[in-house]
Amino acid sequence: MSTVRSGWGMPSLTFTEALRHALRDEMIADPAVVLWGEDIGRFGGAYGVTKGLYAEFGPLRVRDTPISEAAMVSFGVGAAMAGLRPVVEVMFTAVLTLATEVLLNQAAKTRYRTGGQWYAPLTVRARCGARPGAGPVTGESYVNVFSGVPGLVVMAPGTPDGAYRLLRAAIRSDDPVVFLEHGALYNTRGEVAAEDGGYTGQARVLRSGRDVTLVALTAMVPQALAAAEQLVAEGIDVEVIDPSTIFPCDMETISGSAKRTGRLVIAQDWPLFGGIAAEIAAQVHAVADLRVPAVRIGPPMIPFPSAVHFGRSVLPTAGSIADGVRSVMLMAG
Amino acid sequence: MRLPPGASSGDQRIGLLRTMLLIRSFEETAIDLTRRGVTPADMHDSIGQEAVAVGVCAALRPGDYLASTHRCHGHCIARGMDPRYMLAELAGRQQGYCKAKGGSVNLADRSLNMLGGNNIVGASVGLAAGAALASTFRGGGDVAVAMTTEGATSTGIFHETLNLASLWTLPVVFVVENNQYSISTPIRMQVAGGNIAARAAGYGMPGAAVDGNDPEAVLAVMETAVDRARSGGGPSLVEARTYRIAPHWSGDWGGYRDDAEVDAARQRDPIKTLSERLLREGAITREVLDQLRNDAAATMTKAAEFAQGSPLADPAEMVTDVYGTKWVGNAVAHVH
């Protein structure tokens with residue numbers, strides 16, 4: 001486990017900076033860590049995450065690719081099997097779908113189908129998430145497409161601290177990880193603590209509370225924390241949990257919290273059918289006697305509309321999340 | 001085995017023939033086991049295509065990587081995998097190469113740098129190119145070989161991979177085993193322009209077509225391609241032209257090609273062809289040929305006995321090798 005650091009203490013970093021530090025620290029610690037993706041070299045990546053890494057590590061370890069998502073990820077699986085730790089950047093999840101075969105059939109199954117002889121320590125990073133103005137393709141997250149495939153890990157941290165620790169853990173893990181970076185989080189800022197090497201998928205309790213368990217997926221984390229602050233004045237004490245890893249998901253932490261509070265609200269910003277929010281609700285209900293049924297907050301089952309005012313109206317906000325919490329507090333039970 | 005006059009003691013053709021005979025015997029044994037219900041019905045045998053496997057693998061050294069297809073048994077044998085543990089895998093035994101979790105199409109052996117067969121047509125090319133990329137960081141000149149099919153040349157991943165492997169000058173050889181059919185679809189309905197080797201030029205790499213039923217010819221072309229890759233000259237495309245005497249898979253109900261066409265292909269059977277050539281040239285005698293056949297059959301008899309006699313994999317095995325890290329969220333449910 002690496003203890004190499006970039007020489008900073010506990011600064012406040014943006015999510016983007018935290019990712020960049022994680023990549024850099026892993027590349028310093030381990031020469032097997034190699035990056036490739038579209039425009040990640042001199043350009044620094046479509047979202048600026050890899051800025052400076054090409055200058056520092058050179059063109060063999062930071063490579064620009066043509067538009068070839070399936071090959072980019074497939075080379076990643078093969079190179080990982082043969083001893084590298086590739087970190088492949090795919091621009092956004094809508095085009096990550098071009099590598100779906102490779103992720104689901106190749107990356108996820110390498111260890112199992114070879115009886116443990118080969119494995120694929122590959123990390124695939126992609127921006128996910130809707131924002132007003134994005135539209136029906138770039139505004140999709142497709143988290144469900146990649147989650148729930150045995151052998152594949154899906155991470156989606158909600159804070160800069162999570163971004164740093166989880167990306168380092170993803171790279172260091174011997175399992176293939178789809179690492180989702182919600183676009184709305186890139187410019188959020190937070191304190192980033194030292195990376196302690198102990199991360200194995202634990203959900204993060206960001207705010208302790210007594211009355212209701214509020215599970216927030218990726219970009220809903222800042223909204224959930226803001227909602228919790230709003231509700232203090234109404235005497236509602238909200239426990240906010242960031243699962244951080246969507247699959248496999250730390251249900252024990254979430255269930256434990258829900259058993260104590262008796263109320264569960266889950267917020268995500270992609271359409272609600274199936275997927276992690278439904279899974280959490282089902283699993284918690286199976287083990288916990290909740291006072292009221294779990295509530296899931298999310299956009300309707302429509303493609304994400306491009307008009308800015310449409311987008312604003314369908315995405316959950318701190319206000320709509322607070323309303324959801326108020327509704328479970330008001331329910332009989 | 002005493003060699004007749006006229007044959008050099010190092011006659012590589014006898015070695016190639018020996019391995020082809022073992023592949024043939026393996027496939028016949030495996031087919032028999034499926035008919036008797038010892039192994040599952042779904043199996044893709046490579047009878048008639050043995051020369052490609054032996055010619056390719058004879059060009060490799062131990063550190064080189066090999067990625068294969070759904071029709072992988074011959075490639076596995078030619079690379080040196082043990083027929084006992086191959087059949088054990090097909091038969092769901094604990095001592096199968098993949099601990100009974102991969103089956104016929106996923107046979108792999110890390111100790112031989114054999115990355116495995118693959119269900120997905122075309123998948124092998126990207127994996128091999130990735131392994132080749134890793135080799136460039138290590139130095140030492142190991143190359144990767146992707147066995148693939150003429151059907152794969154129509155896939156997107158084939159196009160993407162050859163383009164990028166060429167741009168990055170990767171030490172990889174793409175071997176297209178053109179057996180003329182993808183299930184029922186003949187090559188004239190698959191490959192626009194009809195010439196797979198010619199596509200190499202479009203990817204900025206050398207391409208060569210070779211008689212895939214002549215293991216020496218395959219070996220010669222492979223040696224050139226492997227040397228090129230090993231010395232930093234980048235990838236090559238080799239189109240080995242053969243014929244799928246076998247059905248596509250054990251459940252194939254046929255009806256899409258003439259018996260006359262298949263019979264004509266049997267006359268070009270690589271084992272038949274090489275045996276007759278060696279006999280004609282006095283490089284081998286009939287006794288020696290029979291002995292080689294018997295050796296292969298004896299190996300496979302023992303392998304089948306081993307597979308059938310070894311224990312079925314334990315259910316506890318089923319829930320292992322999903323992940324390497326013990327993720328806290330990964331509670332694997334047991335099946336009752």
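In strand 2 of chain A, which residues point one way and which the other way, and are they buried or exposed?

Mentor: Before the answer, a word on conventions: this is a predicted model, in which local features need pLDDT of at least 70 and side-chain atom pairs count only at pLDDT 80 or more, whereas totals for chains, interfaces and linings use all residues. Residues are numbered from 1 along each chain as its sequence is written, chains are lettered from A and ligands numbered from 1 in the order in which they are written, and side-chain values use heavy atoms, with hydrogens and water left out.

From strand 2 of chain A, A:V33, A:L35 and A:G37 point one way and A:V34 and A:W36 point the other way, and all are buried. Buried here means under 20% relative accessible area, exposed means over 50%, and partly exposed lies in between (1.4 Å probe, protein chains only). The strand spans residues 33-37, and five of its five residues are buried; strands (E, at least two residues) and helices (H or I, at least four) are DSSP runs, numbered from the N terminus.

Strand 2 of chain A pairs with two other strands, pairing being called when DSSP finds at least two bridges. With strand 4 of chain A (residues 85-92), the pairing is parallel and runs over five bridges, and there the bridge partner of A:V33 is A:R85. With strand 3 of chain A (residues 62-64), the pairing is again parallel, over three bridges, and A:G37 stands opposite A:D64.

A:L23 is buried, with a relative accessible area of 0%.

A:R24 bridges to A:E56, with the closest N and O atoms 2.6 Å apart. Because A:R24 lies in helix 1 of chain A and A:E56 in helix 2 of chain A (residues 53-57), the pair ties together parts that are 32 residues apart in sequence. A:R24 is partly exposed at 25% relative accessible area, and A:E56 is partly exposed at 38%. In another salt bridge, A:D161 and A:R165 have their closest N and O atoms 3.3 Å apart; these two residues sit four residues apart in helix 8 of chain A (residues 160-172), separated by about one helical turn, and both are buried. Over all chains the structure holds 37 salt bridges.

Elsewhere in chain A, six of the eight residues of helix 5 (residues 100-107) are buried, so this helix is largely enclosed by the rest of the structure; its buried residues are A:T100, A:V102, A:L103, A:L104, A:Q106 and A:A107. In helix 10 of chain A (residues 251-261) lies A:S257, which is buried at a relative accessible area of 1% and touches A:T213, A:E239 and A:I241, not counting residues up to four places away in sequence.

Finally, chain A meets chain B in a contact that takes 49 residues from chain A and 47 residues from chain B. The two chains bury about 4,000 Å² between them, 64% of it on carbon and sulfur atoms, buried area being the accessible area (1.4 Å probe) that two parts lose on being put together, summed over both. B:R110, B:Y323 and B:W327 supply 19% of the area that chain B buries against chain A, more than any other three residues. Across this interface the rule finds zero salt bridges, but 22 residue pairs, both residues at pLDDT 80 or more, are in polar contact. A polar contact is a pair of N or O atoms within 3.5 Å; within protein, one must be able to donate a hydrogen and the other to accept it, and residues adjacent in sequence count only if both atoms are side-chain atoms. On the side of chain B that touches chain A, the elements giving two or more residues are strand 2 (114-116), helix 5 (123-138) and helix 6 (156-167) of chain B, and helix 5 of chain B gives the largest share, ten residues.

Technical notes:
Contact = heavy atoms within 4.5 Å. Salt bridge = Lys/Arg side-chain N within 4 Å of Asp/Glu carboxyl O.
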